[in-house]
Amino acid sequence: MILFKGSNVEWRRVGEKIVITCSTDKPNQSAVYLYKNYHQRQSVFYLLKNEGLHCTVAYKYRVEVTGFNKLRATISNLTVDDTGVFWCQYLRHDGPRNHETENKEGETLLVVNGKYIFILISEIHFVIWSKI
């Protein structure tokens with residue numbers, strides 16, 4: 001079950017794509033991470049400003065990224081397993097310490113058709129249950 005608090009809900013079919021936007025107005029950010037949460041938090045990718053994109057195995061060859069402070073991440077060839085809440089987090093590396101910066105775009109709930117039931121609780125609260 002996912003409890004999602006927000007208004008950005010995207011519905012897709014298997015095989016389609018989604019564009020997730022991330023942005024920050026904080027200067028000197030070193031990295032941006034895209035995470036997904038369904039049963040547990042998973043890393044989708046991280047992008048180091050001076051080194052490039054590093055995707056996890058599940059998303060390798062399915063993610064294209066443009067920009068950095070105003071990032072657009074396109075995830076293609078969606079599967080029902082991509083259903084979940086996606087969010088970005090920017091980091092500024094400052095010596096041995098990392099400073100986390102929130103993404104100004106908020107979270108995106110992606111529902112890929114197939115095996116999930118979506119229930120609207122209120123304007124900003126959603127619940128997803130697995131049918132299986």
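Where in the chain does Arg62 lie?

1. Arg62 sits in the loop that runs between strand 6 (52-55) and strand 7 (63-66), where strands (E, at least two residues), like helices (H or I, at least four residues), are DSSP runs numbered from the N terminus. Its relative accessibility is 12%, so Arg62 counts as buried, a word that stands for under 20% relative accessible area, while exposed stands for over 50% and partly exposed for values in between (1.4 Å probe, protein chains only). Leaving aside residues up to four places away in sequence, Arg62 touches Thr74, Ile75, Ser76, Asn77, Leu78, Thr79 and Asp82, a contact being heavy atoms within 4.5 Å.

2. A word on the basis of this note: the model is predicted, and local features need pLDDT of at least 70, side-chain atom pairs count only at pLDDT 80 or more, and totals for chains, interfaces and linings use all residues. Residues are numbered from 1 along each chain as its sequence is written, and side-chain values use heavy atoms, with hydrogens and water left out.

3. On the overall make-up, the chain has zero helices and 13 strands. Buried residues account for 39% of its 132 residues. Of the contacts in the chain with a separation of 6 or more, 60% are between residues 24 or more positions apart.

4. Which cysteines does the disulfide join? The search of the whole structure finds one disulfide, and this disulfide joins Cys22 to Cys88, with 1.7 Å from S to S; the term is used for a pair of cysteine sulfur atoms within 2.5 Å. The pair links distant parts of the chain, since Cys22 belongs to strand 3 (residues 18-23) and Cys88 to strand 9 (residues 84-94), 66 residues apart. Cys22 is buried at 1% relative accessibility, and Cys88 is buried too, at 2%, whereas Cys55 is partly exposed at 28%.

5. The largest nonpolar core has 20 residues, of which Leu34, Phe45, Leu71, Ile75 and Phe86 touch the most other members; such a core is a set of buried Ala, Val, Leu, Ile, Met, Phe, Trp, Tyr and Cys residues joined through side-chain atoms within 4.5 Å. At least two residues of this core come from each of strand 3, strand 4 (31-37), strand 5 (41-48), strand 8 (70-75), strand 9 and strand 11 (108-112). A second, separate core of 10 residues includes Val9, Leu48, Val85 and Val111. As general background, nonpolar side chains tend to be buried together in soluble globular proteins.

6. An open sheet of three strands runs in the order 3-8-7 with antiparallel pairing, and two strands are taken to pair if DSSP finds at least two bridges between them. Strand 3 and strand 7 are the edge strands, each pairing on one side only. Strand 7 pairs with strand 8 in the antiparallel sense over four bridges, and Thr66 has Arg72, in strand 8, as its bridge partner.

7. Gln89 and Thr24 are 65 residues apart in sequence, and their C-alpha atoms are 9.2 Å apart in space.
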